[in-house]
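Hi,

Here is the structure I promised to pass on.

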Amino acid sequence: PVSVRYHPGRGLPDTFFGWWGDMDLRPHIWDVLCRSTGGIVDVIFHEPLTVRSFSDRKTLAEECQRMVSEGHRDLRPVAARSVAATSAAARSGAAS
């Protein structure tokens, strides 16, 4: 299982990369390709699962869903990471 979280660039809504409901795919892809500069993508590759370890495909799917959901909870928002990185850089600069 893989958790993927997209963070759009400045000035774009958090939902920018989403495609849902009755949205037309072609205009959405065009908009994403033309306007998506400066974004960040977080990817977590979870521990592989062995299919034979599960009684059926539904149980396997439920475990994958659980792992991906946990991965999304573990990913901090970009702003929080930026603050943490800035604080760490300030601490290391102060220590030198």
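Below is what turned up, sorted by type of interaction.

A word on the ground rules: this is a predicted model, so local features need pLDDT of at least 70 and side-chain atom pairs count only at pLDDT 80 or more, while totals for chains, interfaces and linings use all residues. Residues are numbered from 1 along each chain as its sequence is written, and side-chain values use heavy atoms, with hydrogens and water left out.

Salt bridges first. Taking a side-chain nitrogen of Lys or Arg within 4 Å of a carboxyl oxygen of Asp or Glu as a salt bridge, the count is 3. One of them pairs Arg-35 with Asp-31, with the closest N and O atoms 3.1 Å apart. The two are 4 residues apart in helix H1, so about one helical turn separates them. (Helices are DSSP runs of H or I with at least four residues, strands are runs of E with at least two, and both are numbered from the N terminus.) Arg-35 has a relative accessible area of 40% and is partly exposed, and Asp-31 is also partly exposed, at 27%. For these labels, buried means under 20% relative accessible area, exposed means over 50%, and partly exposed is in between, using a 1.4 Å probe and protein chains only.

Helix H2 has Arg-66 bridging to Glu-63, at 2.5 Å between the closest N and O atoms; these residues sit 3 apart, about one turn of the helix. Glu-70 also meets Arg-66 in a salt bridge, 2.6 Å from N to O, and that pair is 4 residues apart in H2. Through shared partners, the salt bridges join Glu-63, Arg-66 and Glu-70 into one network. Arg-66 is partly exposed at 37%, as are Glu-63 at 21% and Glu-70 at 33%.

Next, the aromatics. Rings of Phe, Tyr and Trp (its six-membered ring) pair if their centres lie within 6.5 Å; planes under 30 degrees apart are stacked, over 60 edge-to-face, and the rest tilted. That gives 2 aromatic pairs. Tyr-6 and Phe-17 have ring centres 5.3 Å apart and planes at 40°, so this pair is tilted. It links distant parts of the chain, with Tyr-6 in strand S1 (residues 2-7) and Phe-17 in the loop between S1 and helix H1 (25-35), 11 residues apart. Phe-16 and Phe-17 make an edge-to-face pair, 5.2 Å centre to centre with 75° between the planes. Together, Tyr-6, Phe-16 and Phe-17 form one aromatic cluster. Phe-16 is buried at 6%, whereas Tyr-6 is partly exposed at 47% and Phe-17 is partly exposed at 26%.

Two polar residues are worth a look too. Asp-42, in strand S2 (residues 40-45), is buried at 10% relative accessibility. Its side chain makes a polar contact with the side chain of His-7 at 2.7 Å. (A polar contact is a pair of N or O atoms within 3.5 Å; within protein, one must be able to donate a hydrogen and the other to accept it, and residues adjacent in sequence count only if both atoms are side-chain atoms.) His-46 sits in the loop between S2 and helix H2 (57-74) and is buried at 18%. The His-46 side chain reaches the backbone oxygen of Met-67 at 3.4 Å.

Finally, how many disulfides are there? With a disulfide being a pair of cysteine sulfur atoms within 2.5 Å, the count is 0. Cys-34 is partly exposed at 45%, and Cys-64 is partly exposed at 24%.

Cheers
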